[in-house]
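Colleague: Could you take me through this structure? I have not looked at it before.

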Amino acid sequence: LLLWAELQYLDGDIESADASYRASVKSAHDHKFLQEEALALELHGIFLIENNMVTEGLQQLQIARDKYIKWGAIKKAGAVEDFIDLA
């Protein structure tokens, strides 16, 4: 689902890409794939910010950061935090 979202985004199909990012986050969450959920949240957050949905994008990135911390990926969480500070 996540790769499909990225492909749709590259093809300019913003509405379908958004739906696929959301489905990817939900699927990872439902299956308890913490690292996949964090990545999907991060990429969806960046997508939202790039498409002028900054508030929701920042929320997604903050959740992604928290998931990375929970997973133990502290450096990655720091990189996401740095991106949040730039937005």
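Modeller: What follows covers the overall fold and then the core. This is a predicted model, in which local features need pLDDT of at least 70 and side-chain atom pairs count only at pLDDT 80 or more, while totals for chains, interfaces and linings use all residues. Residues are numbered from 1 along each chain as its sequence is written, and side-chain values use heavy atoms, without hydrogens and water.

Colleague: How many helices and strands does the protein have?

Modeller: There are 5 helices and 0 strands; both are DSSP runs numbered from the N terminus, helices being H or I with at least four residues and strands E with at least two.

Colleague: What does the C-alpha trace span?

Modeller: Along its principal axes, the trace covers about 35 × 30 × 15 Å.

Colleague: Now the core. Which residues touch the most other members?

Modeller: In the largest nonpolar core, which has 19 residues, they are Tyr21, Phe47, Leu61, Tyr68 and Val80. Such a core is a set of buried Ala, Val, Leu, Ile, Met, Phe, Trp, Tyr and Cys residues joined through side-chain atoms within 4.5 Å; buried means under 20% relative accessible area with a 1.4 Å probe, protein chains only.

Colleague: Which element gives the largest share of this core?

Modeller: That is α3, with 7 residues.

Colleague: And what is Tyr68 in contact with?

Modeller: Beyond its neighbours within four places in sequence, Tyr68 contacts Ala38, Leu39, Glu42, Ala73, Lys76, Ala77 and Val80, where contact means heavy atoms within 4.5 Å.

Colleague: How much of the protein is buried?

Modeller: Of its 87 residues, 38% count as buried.

Methods: Buried means under 20% relative accessible area, exposed over 50%, partly exposed in between (1.4 Å probe, protein chains only).
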